[in-house]
Amino acid sequence: MNTMTDLQDARKTVFEANKLSKRLHRQVGQAIGDFRMIEAGDKVMVCLSGGKDSHALLDILLSMRERAPVKFDLVAVNLDQKQPGFPADVLPKYLESRGVPFHIETQDTYSTVKRLVPEGKTMCSLCSRLRRGILYRVASELGVTKIALGHHRDDMVVTLLMNMFFGGRLKGMPPKLVSDDGRHVVIRPLAYVAESALERWAGHRRFPIIPCTLCGSQDNLQRVQVKKMIREWERQYPGRTDNMFNAMGRIVPSHLMDRNLFPFTTVQPTGFAQDGGDHAFDDDEQACAPAATTIRWHAGEIPTGPISGDWT
Ligand code: SF4
């Protein structure tokens, strides 16, 4: 009886893992194609922090490379920041086992962050600035053409809200951008992937996760709080994170108020009715209901223009 149940459980686990694998590969392929993230001949540097997200990114890109419509190279780069207790041998061993070229850059940013950031203050902002500079330099030295980061859909939504709540601007985390030193193209192939899917994938693949000891205990961070808020919203109103995420790709400048994006000062009557125009005189329920209840694009299903090759 027990054996039968065990067998059924094992089958179910394999089935679920296959389903998840397909979804992840489809979503990553879709993001790469939609934003033309990887092109023929690219050398893509995957920034591997040792966390679940960057592990998943490398893992998925490695398997996608086998059947991608274009040829590209991968190199994994880890920055050993000299955090106390950092198990320096874990990633090299893992990367050797995966047969991927890699580079470990050793720089003691830990001491710098500890010295400069007062106790109780957020360490990530200085730390990530230092990390970024080092990774850009390494990218130039390795001659890479793209830098791939492991940020996912939830990171992008959190950043959008953080910028609104604390920065007073409508600005998110783009799937593709030019680095702030102007010398590199940065890509986020996990842009369409939900964090919960990456958590499950990391569990299934048993990645050798190395937690960050520098900020791991900083539960009071605004980012952590916003993330909790989004998870709570998602629990109460399933689909809300997707809606917020998809809103970033469906912007209506005429219904915001940035004068650089829309010529409000010269607006004139057009003389004809417009679909999707203003509903200034609708009551709140009518004006809001369609957006809240019927627009349910899911990550990876965003309508876009033509893509180069089939990445899905
Ligand atoms: S998570 Fe850790 S390593 Fe990453 S930016 Fe924050 S402090 Fe630095």
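## The start of helix α4

At the start of α4, a side-chain oxygen of Asp108 comes to within 3.4 Å of the backbone nitrogen of Tyr110. A polar contact is a pair of N or O atoms within 3.5 Å; within protein, one must be able to donate a hydrogen and the other to accept it, and residues adjacent in sequence count only if both atoms are side-chain atoms.

This is a predicted model: local features need pLDDT of at least 70, side-chain atom pairs count only at pLDDT 80 or more, and totals for chains, interfaces and linings use all residues. Residues are numbered from 1 along each chain as its sequence is written, and side-chain values use heavy atoms, leaving out hydrogens and water.

## The buried side of α4

Helix α4 spans residues 109–116. Helices are DSSP runs (H or I, at least four residues), numbered from the N terminus. Thr109, Tyr110 and Val113 are buried in α4, meaning under 20% relative accessible area with a 1.4 Å probe, protein chains only. They lie on the same side of α4 because they cover an arc of only 105° around the axis. That arc is taken from the directions from the helix axis to the C-beta atoms.

What covers these buried residues includes α5 (124–142). Contact here means heavy atoms within 4.5 Å.

## The cavity

There is one cavity of 30 Å³ or more. A cavity is a set of points on a 1 Å grid over the protein atoms alone where a 1.4 Å probe fits but cannot get out; lining residues have an atom within 4 Å of a point. Asp154, Val158, Glu195, Lys227, Ile230 and Arg231 line the largest cavity. Elements giving two or more residues to this lining are α6 (153–167) and α8 (222–236).

How values were computed: Buried means under 20% relative accessible area, exposed over 50%, partly exposed in between (1.4 Å probe, protein chains only). On a 1 Å grid over the protein atoms alone, a cavity is a set of points where a 1.4 Å probe fits but cannot get out, and a pocket is an open set with protein on both sides within 12 Å along at least five of seven lines; lining residues have an atom within 4 Å of a point. Grid points are joined across faces, edges and corners, and a volume is the space filled by probe spheres set on the points.
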